[in-house]
Amino acid sequence: MNFNTKVIHGGQHHESATGSVNVPVFLTSTFAQKSPGVHSGYEYSRAANPTRQALEDSLASIENGARGLAFGSGLAAIDCVLKLLNPGDEVIAVDDLYGGTYRMFTRLFEKYQLKFTFVNFDDASKIADVITDKTKLIWVETPTNPLMKLVDIKAVVEVAKGKDILVAVDNTFATPYLQRPIDLGADIVMHSATKYLGGHSDVIAGALIAKDAELGDKLHFIQFASGGILGPHDSYLVLRGIKTLALRVQRHSENGIAVAKYLESHPAVDKVIYPGLESHPQYELAKSQMKDFGGMVSFTFKSGKKEDAIKFLEKVKVFTLAESLGGVESLANHPALMTHASIPAEKRAELGITDDLVRLSVGIEDAEDLIADLERAFS
């Protein structure tokens with residue numbers, strides 16, 4: 001199947017008892033057995049639930065993986081990956097990453113004797129320089145949040161090759177419509193399914209997709225043993241969202257480039273960060289690694305003043321000032337005060353997350369209305 005067909009039919013089956021086209025929401029905690037240990041494949045919903053299974057099969061299909069797993073949040077999915085590791089293991093992570101991921105790494109898992117090294121992944125040799133015999137995981141975000149840096153997934157995979165190191169990619173910003181890390185050699189793909197996969201700002205969810213069945217089984221055991229599962233109703237919402245993923249992300253991408261070009265021409269704007277602009281330092285990598293460029297745009301002000309960013313954000317109307325991203329509606333965010341506040345100020349400054357940085361999640365409204373809203377906010 002091609003992708004537009006996969007989001008609707010990939011891994012899916014009509015419900016066997018009634019022929020229901022949509023998977024039912026199986027609101028049950030447990031399942032009747034014919035004899036002790038003899039059942040239809042379902043025993044207890046923490047282990048498996050038919051609605052969640054339909055979503056997990058869809059996730060595996062659209063990412064070209066062997067197994068998908070659905071979690072109560074993106075962070076629950078990341079937590080599952082880290083539980084593959086043992087005390088003393090080392091993780092190399094991209095330096096510009098979601099604040100919640102950074103918080104989990106540094107404030108939760110460091111105390112369990114995992115070591116985290118944060119590196120600028122603009123050159124794969126920088127990763128090779130810090131690999132040791134204790135390195136077990138390389139954590140990638142591409143594009144990164146909020147600075148829209150790109151990571152060459154193939155190059156990272158090549159660095160890890162033959163070293164018993166897993167490569168995991170947070171594919172939340174790109175979605176499998178634009179980028180498929182497993183096809184590029186990654187072992188694990190992670191999504192905050194709250195964002196583009198769900199697509200309607202009505203659910204909190206996370207996802208993992210494993211490249212091979214053995215790794216998928218290990219992750220499933222941790223999911224089952226730790227209990228961070230996604231409930232059946234939320235699984236239904238994400239599965240419903242996936243069915244329109246291709247249509248939505250194409251529109252997000254069309255609006256994203258329109259907004260980025262508008263911002264690039266505005267006299268109050270200093271820097272616009274969007275992979276689809278030729279001014280982006282990794283534009284060529286974006287063209288080679290992604291089908292299109294998505295709806296995430298970040299920019300700074302020529303004044304460099306936090307006050308100008310706050311004033312702008314208080315005046316937007318079509319854009320909603322809120323955390324999160326990837327919904328059909330456009331959102332605007334101040335990373336330093338909102339999504340990335342958990343990263344220490346000195347670390348933010350080192351990365352380039354300045355106090356005048358604004359991150360936009362460009363939705364699927366009419367681009368003309370979005371640009372008019374931005375124009376009003378600048379005035």
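Analyst: Let's begin with pLDDT, which is the predictor's confidence in each residue, from 0 to 100. The chain averages a pLDDT of 97, and 100% of the residues score at least 70. This is a predicted model, where local features need pLDDT of at least 70, side-chain atom pairs count only at pLDDT 80 or more, and totals for chains, interfaces and linings use all residues. Residues are numbered from 1 along each chain as its sequence is written, and side-chain values use heavy atoms, with hydrogens and water left out.

User: Which elements have the lowest and the highest mean pLDDT?

Analyst: Helix H13 (residues 345–351) has the lowest, at 89, and strand S7 (residues 206–210) the highest, at 99. Helices (H or I, at least four residues) and strands (E, at least two) are DSSP runs, numbered from the N terminus.

User: OK, and what domains does the chain have?

Analyst: The assignment gives domain 1 (3–241) and domain 2 (246–378); such bounds come from an automatic or database domain assignment. Their centres, taken over C-alpha atoms, are 26 Å apart. The contact between them takes 39 residues from domain 1 and 40 residues from domain 2, where contact means heavy atoms within 4.5 Å.

User: Which residues touch the most other members in the largest nonpolar core?

Analyst: That core has 67 residues, and the ones touching the most other members are Val238, Leu263, Phe299, Phe312, Leu360, Leu374 and Phe378. Helix H10 (residues 245–264) gives the most to this core, with seven residues. Domain 1 (3–241) and domain 2 (246–378) each supply at least three residues to this core. A nonpolar core is a set of buried Ala, Val, Leu, Ile, Met, Phe, Trp, Tyr and Cys residues joined through side-chain atoms within 4.5 Å. Buried means under 20% relative accessible area, exposed over 50%, and partly exposed in between (1.4 Å probe, protein chains only).

User: What is Phe378 in contact with?

Analyst: Leaving aside neighbours within four places in sequence, Phe378 meets Tyr262, Leu263, His266, Ala268, Val269, Phe299, Phe301 and Phe312.

User: New topic. Where does UniProt put the modified residue?

Analyst: At Lys195: the unreviewed UniProt entry lists "modified residue: N6-(pyridoxal phosphate)lysine" there. UniProt positions are given in the numbering used here, feature names are shortened, and annotations may be inferred rather than shown by experiment. Lys195 is found in the loop between strand S6 (188–192) and S7.

User: Is Lys195 buried or exposed?

Analyst: Lys195 is buried, because its relative accessible area is 14%. Not counting residues up to four places away in sequence, Lys195 touches Thr172, Ser324, Leu325 and Gly326. Its side chain also makes a polar contact of 2.7 Å with the side chain of Ser192. A polar contact is a pair of N or O atoms within 3.5 Å; within protein, one must be able to donate a hydrogen and the other to accept it, and residues adjacent in sequence count only if both atoms are side-chain atoms.

User: And where is Ser361?

Analyst: Ser361 is in strand S12 (residues 358–361), and it's buried, with a relative accessible area of 1%. A polar atom of the Ser361 side chain lies 3.0 Å from the backbone nitrogen of Gly326. Ser361 and Ser330 are 31 residues apart in sequence and 5.5 Å apart in space, C-alpha to C-alpha.

User: Last one: is Glu368 buried or exposed?

Analyst: Glu368 is exposed, because its relative accessible area is 60%. Glu368 is in helix H14 (residues 367–378).
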